[in-house]
Amino acid sequence: MAADSTMRDVFFEECEDLIAALSDGLGAMRDGQTDDETVNAVFRAVHSVKGAAGAFALDDLVGFAHAFETVLDAVRSHRLPLEDRILHVLQRAGDVLADLIDAARDGSAVNQAQVDPVVDDLRSFLGDEPQPDENFIFDALTLSFDGPTDAALTHVITFRPSDAFYISGNDPFLVVQALQSLGQTRVSVDTSHAPTDITALDWRSGYFTWQIELDGPDNDLSIREVFQFVDDLCDLTIRLKDAVSEQEPAVVENDDVQISDTFEQPSATALPDRNIKRPTSSLRVDPERVDRLINAVGELIINQSVISQRLMQANLPNNAELFADLDDYKLLAREIQEGVMAIRAQPVKPLFQRMLRIAREAADATGKLVDLITDGEATEVDKTVVERLADPLTHMIRNAIDHGIEQPERRAEVGKDPQGKLRLSARQRSGSIVIEIADDGAGLDRQRIKEIAISKNLIPEDAQLTEAEIDHLLFAPGFSTAKAVTNLSGRGVGMDVVKTAIAALGGRVAISSVTGHGTTFSITLPLTLAVMDGMIINVGGQTMVVPISNIIETVRPKAADISYMGLTSTLLRIRGDYVPIIDLSERMGQATTTRNMTDRVLLLIQTDTVAQCALAVDDIYDQRQVVVKSMQANYGDIAGISGATILGDGKIALIIDPDAVVQSNSNYPVTISTGKELAHVAAR
Amino acid sequence: MSLRADVQKPKRLEFVTLVAGEQNFCIEITQIREIRRWTPVTMLPHSPDHVLGVINLRGAVIPIIDLAAKLGFAQIAPTERHVIIIIAVEDRIIGLLVESVSEILGVDAENVRETPRGPEDVTTRVITGIIPLGDDMTKIISLPTLLTQPLQVAA
């Protein structure tokens, strides 16, 4: 049923919110915030997942959520003291729950080896439970509610959908099905209100009343959850069949009411589990539509520059006003463009939360103590970037824990806190997003990296490399420093894949490492994938674009500022420093011009790998926003070119990747005749 | 739609015939998006000889390949009279520069002959079949094969 699959999509989207709320809550609990409100928020998040998962017959998920929830219930009713161990287990349970949701969504297999220990841990807390009445809950793990146990309660649910229920496309069958997943049911339907004359029958009318007897749940919370999305569309009564034996449900219900009253207002982010009923706090839009809009806006910006250019060339008299209007047009186009891009922007928070999970798993697997600190979670990045960063980040986090941070004993020996710190931060820096992964581990073992590179024929034995060049060997294909292949990393597909993935997003990775104090990887990514500020230049008659973000300044050199070093190298003196000059037209494979350096313009640029250098170009035309078009799909990568843009006159200009241009200048790989891999290192 | 009609009616194929390197070739019409006159391209650095550059096709950046050079003939010196065939193959959109485009050719599938196998070279490798045309014949180019070799040389 199509409706069912879209409901499923909604369920998984809801789950993402719920998991976010859950991680928030667990994080707050770990930080010592153990008030009832926080614990309740966590409980309700897990409970909502369970309730909704039940409706989709996701038994593994329901079973696990149930165990999780039972422990949380004990915590929130103060039957279980919140100690470190339980906090740790809850955290792991949160991770497993997220994994189970992912597995259910993708239809992939669940790593039972990861789930079982956590389930056992959860059970172990309940083993000490002083209330034998609750023991039957264990059965829920295997979902064996079938036979009503002595302690089980039977609820009688009277459910009469209103007209609105049918009109909004709900199906009573799904509701009943969801109830069936909670336990043994006996369903009867009262059709006495249905007209006997078929012509009087209106499908929209709620003629039927179902009465469902449900054995199982110890309170009506899970039942109410089933009706969560429809409870204003039907008449619903839930009562206990045997009201004498237990008075707990009434208490729980009260409790529930209090909870929802107290914390739905104070923080919207704390618990978005009633999303659907909230009017329009957020809008779910098909990304395809947004992409079409972005493309159209891209065309608008191109069109705007076409018009500007035409008007400039028209030499209109008295054109001051016209140009003022034109400027307005430009501003508006830019504003629209920014607005559209903002639709795609997403905070990196969910990504970082996922990394918290990865870090915990990695730390458990390696027996290291790691505290992952995240910073700048609210930083917004393009949706595509967030999605495509997950894999490289996962890899880098695992690497940092596996290779970077030392074993606790070793850390204690060198006088460090046995618990390693791994900081994951995101921030915006002038048109770019910088994401940093910093560990306080041992730092890179450069000697060893070099040895490995030599043993793998990546560099010749006598290569003289700077520290930065050695660090960059990590990104060479096939390079892996792990002494033994571990479960976590070290499969030899490591960092070069990371680098390629990030390069595909138009970003770069840089490394800085201090021996004994740790390593920092910083990923610099463009703010948006679609538009950037560029300087339009002339290189040997061809129009090209250099990203403004890389340009420090432009210089028209005097003869005295230029010095020569050997036959090919030219240096520029600027404020007492000497920086190498790179002839861009030569880099771009054009015939070497005989033009004197002093007739040309130098762009002083800075990249992550080379401190500073100057690109010699023939002219600067303009500085403007350009729409980036990828060439990868139709053509492939071109060394030194990151993409293309369409100029005002409809012509294409290539966008220079200064990083790649400068790196292919580093002379060590070029001198090696065999180093095909190295050429790769040099190219990116 | 009746099954019988499908069975009885021989499969009809349509090709666009073209001239490249002064020889006759054809491309199946379903792979062709449009045909346009030559317009100047933006050259790409470090590209092989058969890659002429890129053009702007309604906002998309499309590489242009000299089909003659790609097939091992002499490079075409493009003028206004030359033609670019825009093709769509496996999610890629590419322009092929050819000397001229002649006609649309409809043939029954059974009239397509297998390529006679002689010594292999750059051209014969991309020919999937031949179609006799009276005294003459034309050769069907397999675009996926033509484009399987990466367009650019490794950096």
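Colleague: How many bridges join strand 2 to strand 10 of chain B?

Modeller: In chain B, strand 2 (residues 23-28) and strand 10 (residues 136-141) run parallel. Strands are DSSP runs of E with at least two residues, helices are runs of H or I with at least four, and both are numbered from the N terminus; strands pair if DSSP finds at least two bridges between them. The number of bridges joining these strands is two.

Colleague: Which residue is the bridge partner of Cys26(B) in strand 10 of chain B?

Modeller: This is a predicted model, where local features need pLDDT of at least 70, side-chain atom pairs count only at pLDDT 80 or more, and totals for chains, interfaces and linings use all residues. Residues are numbered from 1 along each chain as its sequence is written, while chains are lettered from A and ligands numbered from 1 in the order written. The partner of Cys26(B) is Ile140(B).

Colleague: Which strands are the edges of the open sheet in chain B?

Modeller: The sheet is mixed, with five strands in the order 8-1-2-10-9. Each edge strand pairs on one side only, and the two are strand 8 (100-108) and strand 9 (127-133).

Colleague: At which residue does helix 13 of chain A bend?

Modeller: Helix 13 of chain A spans residues 383-404. Its bend (the angle between axes fitted to the seven residues ending at a residue and the seven starting there) is about 40 degrees. Pro392(A) follows within four residues of the bend, which lies at Ala390(A).

Technical notes: The expected span of a helix is 1.5 Å times one less than its number of residues.
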